[in-house]
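Here is a short note for a colleague opening this structure for the first time. Please keep the viewer at hand while reading.

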Amino acid sequence: MQVKQTTLAEAASLVSDGDLVALQSMATQAAPMAMVRELIRQRRRDLGLVCLVGGIAVDWLAAAGCIDRFIGNAVSMEQFGLAQRYRRAVEDGRIRMEELSETALLARLGAGARNLPFLVTRGMIGTDLIAVNENLTMIEDPFGGPPVVACRALVPDVALIHCHRADRCGNVQYEPTARWPDVAIMPKAARRVIVTTEQIVESDVLRTDPERTVLPGFVVDAVVEVPWGAHPTSFNPRYGYDGALHSAWVAAARSEEGAAQFLERYVHGPADHESYLAAVGGESRLAALTRWEAE
């Protein structure tokens, strides 16, 4: 099997300006933050984002001027407050948002993954969003049931995901506690797949728990080992989210200047992932987020 292991910088080179990027994210949970920081450092521009529920990753990319469009259900940092840089960019017209229900987004990605023109849902019936979205239309049920919403296929240029473990060939495993719907469908719909992982292991290790392998290596283009790669979001059951850093970002993001200073300290300033971990407090700070010790 082909070895796919590489560095963050080399993996990020697979993302070009203007690409539509599917980003694993559930607000404060399970975002591929190490890759997000690398894209910001490499100053990608005009990216589109596809997210089930965006969070701090979307806000950082918006603050850095990396994105100009968003397709998804919501952007929220939950109890920490609004994604203020993203919100401001949408209000100013610098980011165009296509709002979808969760079922409609999964239908669009599902159609893309299956090479179908569309899949259907009932999730948005009764809203005005269908009328204003060219990717949605009402159709009659050919089997005599009530009308449904046809959701046009969505094929991202690249998918970014973070996993618990992978081998050097890109076979990907998740613990059951972190198997969100976007993990199952985004990589299968995308043309290219970049995986960051908490740990690179031998293929024989994956074979001991084959039911936890959710993505085969032949669909993966690059895999990078980055422990704590989801920080400051959580990655259950390995570690929780960093509430202090989320709160610090929300305070800084009230102004464009504050956001820029924050990104300089934690994103542009650190030369690599290890330097970032040191900047956020190092081993003592990270240990406080650990929920259990992995075997």
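The points below go from the whole chain to single residues.

1. **Ground rules.** This is a predicted model; local features need pLDDT of at least 70 and side-chain atom pairs count only at pLDDT 80 or more, while totals for chains, interfaces and linings use all residues. Residues are numbered from 1 along each chain as its sequence is written, and side-chain values use heavy atoms, with hydrogens and water left out.

2. **Overall size.** The chain has a radius of gyration of 19 Å, which agrees with the value near 19 Å for a compact globule of 295 residues. That radius is taken over C-alpha atoms, and the globule rule is 2.2 Å times the number of residues to the power 0.38. Along the principal axes, the C-alpha atoms fill a box of roughly 60 × 50 × 35 Å.

3. **Make-up.** There are 12 helices and 13 strands in the chain. Both are DSSP runs, numbered from the N terminus: helices are H or I with at least four residues, strands are E with at least two. Of the 295 residues, 54% are buried. Buried means under 20% relative accessible area, with a 1.4 Å probe and protein chains only.

4. **Contacts and surface.** Among contacts with a separation of 6 or more, 74% link residues 24 or more positions apart. Contact means heavy atoms within 4.5 Å. The accessible surface is about 12,700 Å², and carbon and sulfur atoms hold 50% of that. The areas come from the Shrake-Rupley method with a 1.4 Å probe.

5. **An open sheet.** Three strands line up as β5-β7-β6, with antiparallel pairing. The edges are β5 (118-121) and β6 (136-139), each pairing on one side only. Neighbouring strands are turned by 35° on average, direction ignored. Pairing requires at least two bridges found by DSSP. Between β5 and β7 (residues 148-152) there are 4 bridges. L119 has C151 in β7 as its bridge partner.

6. **Helix α5.** This helix (residues 102-113) lies across β5 and β7, at about 155° to β5. Axes are lines fitted to C-alpha atoms, for helices over the stretch in contact; angles run from 0 to 180 degrees between N-to-C directions. The 12 residues of α5 should span 16 Å at 1.5 Å a residue, and its end C-alpha atoms are 16 Å apart, which agrees. The expected span is 1.5 Å times one less than the number of residues. Buried residues of α5 include L105, R108 and L109. Their cover includes β2 (47-54), β5, β7 and α7 (181-189). Just after α5, N115 takes a positive phi of about 60°.

7. **Strand β2.** Buried residues make up 8 of the 8 in β2. Strand β1 (residues 20-23) runs parallel to β2, joined by 3 bridges.

8. **Residue Q24.** Q24 sits in the loop between β1 and α2. Is Q24 buried or exposed? Q24 is buried, with a relative accessible area of 1%. Leaving out residues up to four places away in sequence, Q24 touches several residues, including A30, H162, Y174, D182 and F235.

Notes: Buried < 20%, exposed > 50% of the residue type's maximum accessible area, 1.4 Å probe, protein only.
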